[in-house]
Amino acid sequence: MEGDALNQLRKRVEAGGAEKYHAANAARGKLFARERVALLVDEGSFVEDGMFANALADGLPADGVITGTATVDGRPVCLMANDSTVKAGSWGARTVEKIIRIIEKAYATGVPMVYLVDSAGARITDQVDLFPGRRGAGRIFHTQVRASGSIPQACALFGPSAAGGAYIPAFCDVVAMVEGNASMYLGSDRMVEMVTGEKTTLEAMGGARVHCAESGVGHFLCKTEQDAIDTVRRYLSYLPSNWTSEPPAVAGLAETGFPEIPASERQAFDMRKVVKGLLDEGSFFEIQALWARELTVGFGRLDGRVVGVVANNSMFKGGVLFVDSADKATRFVQLCDAFNVPLLFLADVPGFMVGSAVEKQGIIRHGAKMITAISEATVPKICVVVRKAYGAGLYAMAGPGFEPDATIALPTAKIAVMGAEAAVNAVYANKIAAIEDEAERAAFVAERRADYERDIDIMRLASELVVDAVVEPSALRGELVRRFAAARAKDRAFSRRRHGVTPV
């Protein structure tokens, strides 16, 4: 092919699909796939792979997906971007092969993989070529799973991710979804009505807000495509390129100051204020902020070094752990452990939720999964008991029995099987009921509660070496910086085995 003809073909490929599809996307506030790539990567760094896939076919430029390598903030990455102007971003055989190849390259070279997803799923007309074979669509997911925990995998979702294609985001570490346009679903609204009789819409069933606030499949709800791309860039800034490296350190920033903590354990307060007060100013990057809000997780920096934070938040459901919050913690702890990010636990937890509803949901199983993740995490981990750590909540927040590198208590801390009121009622219920005089009954309960509080006094626990230090709030940040530094070179061996049997 002569130079002019090759240049014309390249221009046709780079233009994507027909103009009417570009116009339709623009009307919905959607960018062209190549514009998304340009916003993500460093200028001039993108090298495209497989540009001429299906070049001889009519109307299938690049076979509907852009793949290649680039740098983001100077660090190498691999990426794919569905082009929804080409057959709605659907997959053909070469689409699938390009996606498999670029994930394999990311895994082989040890660099992050970024997915810019906007796809209607498989082309039914091409199903024999793309679906069942050894290099068919299933190989995408197999390759993602093999790469999981080896390299960071981040997804920005701009439109649909349909049917089997919905599993690309599901196998990523995090998913940023653009509200109003992004959706994930295994069956379309028409298919759902046909199969089950339910009448619904794609937005109600699998829209961005549903997945970020209710299902937990989405991690970040973004207003614009630029916000989603910026979120992916920021996520990558906290992680190493692969599992063999350390997270990137930066110059330490100023602290914002520790907030006042209410003395009463019954008074709710936003633990995110404590998180932001401890970390370098402006460094907290919360993940899944809209889902299972009784538990706050995210990345931040302490004196320039990355840490992962797991914190109970009594502003929501009293900070009690539920099925979803246990899952949220499990995934985040495993993410941090995979990529060498030390873990900071801030405990203010009454325990796991009880009752028939959560038992039927499998609260024991989900709680066991969370405790498994805490046990298996070998990165440096420090537990800070801010107020209360009751029952199995202490275990789920990396309490003393789970080999934390330190258990630190604030003066407001309480560690016990249960709170004083519940304990007195449990032990003395019959005796309390037998006291007829109201004042005498109140005095008896108050005396028993005082006895219980003395029994679990934090200084007594410190004297018994249950906690390693009792620290004033103003001194906590410095204490954490020094203790994490001391734990940096720890031996990370855990168990003689291939892997455990997770109580999923």
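In which loop is Ala-62 found? Ala-62 sits in the loop between E1 and strand E2 (65-72), and View 1 takes a look at that spot. Before that, two notes on reading the legends. The model is a predicted one, where local features need pLDDT of at least 70, side-chain atom pairs count only at pLDDT 80 or more, and totals for chains, interfaces and linings use all residues. Residues are numbered from 1 along each chain as its sequence is written, and side-chain values use heavy atoms, with hydrogens and water left out.

**View 1. Ala-62 and Ala-88 each have a positive phi.**
Phi of Ala-62 is near 60°, a positive value in a residue other than glycine. Helices (H or I, at least four residues) and strands (E, at least two) are DSSP runs, numbered from the N terminus. Ala-62 counts as buried, at 3% relative accessibility. Here buried means under 20% relative accessible area, exposed means over 50%, and partly exposed is in between (1.4 Å probe, protein chains only). Now look at Ala-88: its phi is also near 60°, again positive in a residue other than glycine. You'll find Ala-88 in the loop between strand E3 (75-82) and H4, and at 37% relative accessibility it counts as partly exposed.

**View 2. Glu-104 and Arg-135 join up in a salt bridge.**
Side chains of opposite charge can pair when their charged atoms come close. A salt bridge is a side-chain nitrogen of Lys or Arg within 4 Å of a carboxyl oxygen of Asp or Glu. For the side chains of Glu-104 and Arg-135, the N to O distance is 2.8 Å. Glu-104 lies in helix H4 (residues 93-109) and Arg-135 in the loop between helix H5 (127-130) and helix H6 (137-147), so the pair ties together parts that are 31 residues apart in sequence. Arg-135 is partly exposed, with a relative accessible area of 35%. The C-alpha atoms of Lys-105 and Gly-68 are separated by 9.4 Å, and the two residues are 37 apart along the chain.

Arg-482 counts as exposed at 55% relative accessibility, whereas Glu-479 is buried, with a relative accessible area of 16%. Elsewhere, salt bridges that share partners join Lys-30, Arg-36, Asp-118 and Glu-225 into one network. The structure holds 30 salt bridges.

**View 3. Helices pack in pairs: H13 with H15, and H17 with H18.**
Helix H13 (residues 323-338) and helix H15 (residues 363-376) pack at an angle of about 20°, with their axes 8 Å apart. Axes are lines fitted to C-alpha atoms, for helices over the stretch in contact, and angles run from 0 to 180 degrees between N-to-C directions. H13 and H15 are therefore roughly parallel to each other. Helix H17 (residues 420-434) and helix H18 (residues 438-455) pack at about 135°, with their axes 10 Å apart, and are therefore oblique to each other. Angles under 35 degrees count as roughly parallel, over 145 as roughly antiparallel, 65 to 115 as roughly perpendicular and the rest as oblique.

**View 4. Ala-413 and Val-385 are 28 residues apart along the chain.**
The C-alpha atoms of Ala-413 and Val-385 are separated by 5.6 Å. Ala-413 lies in the loop between strand E14 (406-409) and strand E15 (414-416), and at 5% relative accessibility it counts as buried.

**View 5. Asp-49 and Thr-67 are 18 residues apart along the chain.**
Asp-49 lies in strand E1 (residues 47-49). Its C-alpha atom and that of Thr-67 are separated by 5.5 Å. Asp-49 is partly exposed, with a relative accessible area of 27%.
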